[in-house]
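I opened this notebook to look up side-chain contacts: salt bridges, ring pairs and surface patches. The entries follow the order in which I went through them.

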Amino acid sequence: MPAGSDARAGRPLPDLPHTWRPLGVRVAVIGFGVMLLVVCTAAWYGFDPSVRERFSGLQRLTVLAMGAALATCGWALARARLTVRADTLVVVNGFRSRRLERAEVVDIHLPPGAPWATLDLADGSTLSAMAFQGSDGRRARDGVRQVRALLDRDAPTGS
């Protein structure tokens, strides 16, 4: 195998820095968000003007606040990512971001049926990596293999 390839999959490793993001979650958030906006807008303009006038300002504000809360949750889900750089990994899950040194990450795995991948850290703890969603199937498994190969490639060799 060439020096920069993933021996397990026979594919070249990605150039660094490289970012992985979930596909299914992003498609669902955008698709359902647009559909919900269209349905709510059509329903609002489908009401008679007399019905729309009966909504108070507070009720309208409540509906807008609920829409903003849903959009915020969707944005948090869609922004999940894992970026591998030469010396660090950056894991973004929802509103939290964590920067790890490459030596801190021991392994990554995505067991069958798991919702997302998990990073095993050198201190014995784990960290979820929502960038690899189990629902993304082969795309997520391939991404996990690539990250594992990058970690293995740069792991210190023992004597």
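I count as a salt bridge a side-chain nitrogen of Lys or Arg within 4 Å of a carboxyl oxygen of Asp or Glu. The model is a predicted one, so I note that local features need pLDDT of at least 70, that side-chain atom pairs count only at pLDDT 80 or more, and that totals for chains, interfaces and linings use all residues. Residues are numbered from 1 along each chain as its sequence is written, and side-chain values use heavy atoms, with hydrogens and water left out.

**Entry: salt bridges**

I searched the whole structure and found 3 salt bridges. Which residues are linked in a network of salt bridges? I find Arg138, Asp142 and Arg145 in it.

I looked up the two contacts of Asp142 in turn. Its side chain meets that of Arg138 at 3.5 Å, N to O, and the side chain of Arg145 at 2.8 Å, N to O. For the location I use DSSP runs, numbered from the N terminus, with helices as H or I of at least four residues and strands as E of at least two. Asp142 and Arg138 both lie in helix H4, 4 residues apart, which is about one turn of the helix; Arg145 and Asp142, also both in helix H4, are 3 residues apart, again about one turn.

For accessibility I call a residue buried under 20% relative accessible area, exposed over 50%, and partly exposed in between (1.4 Å probe, protein chains only). Asp142 is buried at 16%, whereas Arg138 is exposed at 56% and Arg145 is partly exposed at 30%.

I then turned to the salt bridge between Arg148 and Asp107, whose side chains meet at 3.3 Å, N to O. Arg148 lies in helix H4 (residues 138–153) and Asp107 in strand S7 (residues 105–109), so this pair ties together parts that are 41 residues apart in sequence. Arg148 counts as buried, with 18% relative accessibility, and Asp107 as partly exposed, with 26%.

**Entry: aromatic pairs**

Rings of Phe, Tyr and Trp (its six-membered ring) pair if their centres lie within 6.5 Å, and I call planes under 30 degrees apart stacked, over 60 edge-to-face and the rest tilted. I find 5 aromatic pairs in the structure. One of them is the stacked pair of Phe47 and Phe55, at 6.2 Å centre to centre with 20° between the planes. Phe47 is partly exposed at 34% relative accessible area, and Phe55 is partly exposed at 28%.

Trp75 and Phe95 form a tilted pair, at 5.8 Å centre to centre with 45° between the planes. Trp75 lies in helix H3 (residues 57–78) and Phe95 in the loop between strand S5 (88–93) and strand S6 (96–101), so the pair ties together parts that are 20 residues apart in sequence. Are Trp75 and Phe95 buried or exposed? I note both as exposed.

I also note that ring pairs link Trp44, Phe47 and Phe55 into a cluster.
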